[in-house]
Amino acid sequence: SIIFDAPLAPKQQRNWEELSGLSVYDRAELIIRIFGSRALTAEAELQVELARLRYELPRLAHFGHALEQQKGGHYGTRGSGEKKIELDRRVIERRIDEIKVELEQVRVRRGVQRRRREKTAIPRAAIVGYTNAGKSSLLNAAAGSGVLAEDKLFATLDATTRRLELPGGGAILLTDTVGFVRNLPHGLVEAFKATLEEAALADLLVHVVDASDPEHERHAATTAEVLEEIGAQDVPEVLVLNKIDLVDAERLGEFR
């Protein structure tokens, strides 16, 4: 396989496959495939399916370009290959509409749950950050939670909320969100809005940064960009440096 760390037009993807004889993926398709392998709940599966269908829709000629060889007929009529692509397009568009309705129902349920939480007057904090920065580990350590935390990209795709009792009294609702990534395909941002809106509506953002990663500044900037895209750029933020035990004293001074 050949993987491009950039978006490819359907024609470019097809040309590369014809020239190389290999499967060719661009960044968006690779991320969608990774997300698909991590989806564990019905909501996450819907979100991934929506992103995948939106990605595939303009690429129907690529996925089924062999059908184009079947074009023909008399007096300019369309052949079976073109008809097959048009049929697939209608099926995909119909399924996209169905998923949008289902995800809207998810958002409504989230809204009901959120209003219930607001009635308790408990502040809400959302843990955000680049993928694999340690967000789920922080939630587990802070709230004694059992959220899946693994050393891999997008280990968890679903927002998880736990009640955290504060040392000085009172409590806070702490939510772990899906990890961000550089050049996140716009379709995925839209598909995961039901999950990411937990960050936009929080009273506080806990921005986790993997201090040991040589590209931590770039990752922090990516998180800031995504937060702005979902309308969370004005939410108060606390920066948490994770894995500082893996950082030497000289580099640690860069964070002070």
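## A buried strand residue

Val209 is buried, with a relative accessible area of 7%. Buried means under 20% relative accessible area, exposed means over 50%, and partly exposed lies in between, using a 1.4 Å probe and protein chains only. Val209 belongs to strand E6, which covers residues 204-210. Helices (H or I, at least four residues) and strands (E, at least two) are DSSP runs, numbered from the N terminus. Along the chain, Val209 and Tyr130 are 79 residues apart, yet 7.1 Å separates their C-alpha atoms.

The model is a predicted one, in which local features need pLDDT of at least 70 and side-chain atom pairs count only at pLDDT 80 or more, while totals for chains, interfaces and linings use all residues. Residues are numbered from 1 along each chain as its sequence is written, and side-chain values use heavy atoms, with hydrogens and water left out.

## Helix H3

Helix H3 runs over residues 42-56 and has 15 residues. From its first C-alpha to its last it reaches 21 Å, close to the 21 Å expected at 1.5 Å a residue. The expected span is 1.5 Å times one less than the number of residues in the helix. The buried residues of H3 include Ala44, Leu46, Val48, Leu50, Ala51 and Leu53.

## Salt bridges

The structure holds twelve salt bridges. A salt bridge is a side-chain nitrogen of Lys or Arg within 4 Å of a carboxyl oxygen of Asp or Glu. One of them joins the side chains of Arg27 and Asp5, at 2.5 Å from N to O. This pair links distant parts of the chain, 22 residues apart: Arg27 is in helix H2 (residues 27-38), and Asp5 is in the loop between strand E1 (2-3) and helix H1 (10-20). Arg27 is buried at 14% relative accessible area, whereas Asp5 counts as partly exposed at 47%.

Arg59 and Asp26 also meet through their side chains in a salt bridge, with 3.6 Å from N to O. Here too the pair links distant parts of the chain, 33 residues apart, with Arg59 in the loop between H3 and helix H4 (60-63) and Asp26 in the loop between strand E2 (24-25) and H2. Arg59 and Asp26 are both buried. Because Arg33 and Glu29 are four residues apart in H2, about one helical turn separates them. Arg33 is partly exposed at 47% relative accessible area, but Glu29 is buried at 7%. Elsewhere, a network of salt bridges links Glu49, Arg95, Glu98 and Glu102.

## Positive phi in two loops

Most residues other than glycine have a negative phi. Asn132, which is not a glycine, has a positive phi near 70 degrees. Asn132 sits in the loop between strand E3 (124-129) and helix H6 (135-143), and counts as partly exposed at 25% relative accessibility.

Lys243 is not a glycine either, and its phi is positive at about 60 degrees. Lys243 is placed in the loop between strand E7 (237-242) and helix H10 (249-252). At 25% relative accessibility, Lys243 counts as partly exposed.

## A negative patch

Glu225, Glu228, Glu229 and Asp234 gather on the surface in a patch of negative charge. Patches are made of residues with over 30% relative accessible area and no salt bridge, with like charges joined within 9 Å and nonpolar side chains (Val, Leu, Ile, Met, Phe, Trp, Tyr) within 5 Å. Glu228 lies in helix H9, residues 216-229, and counts as exposed at 53% relative accessibility.

Terms used: Areas by Shrake-Rupley, 256 points an atom, 1.4 Å probe, with all protein chains shown as cover. Lys, Arg positive; Asp, Glu negative; His and termini not counted. Charge placed at Lys NZ, Arg CZ, Asp CG, Glu CD.
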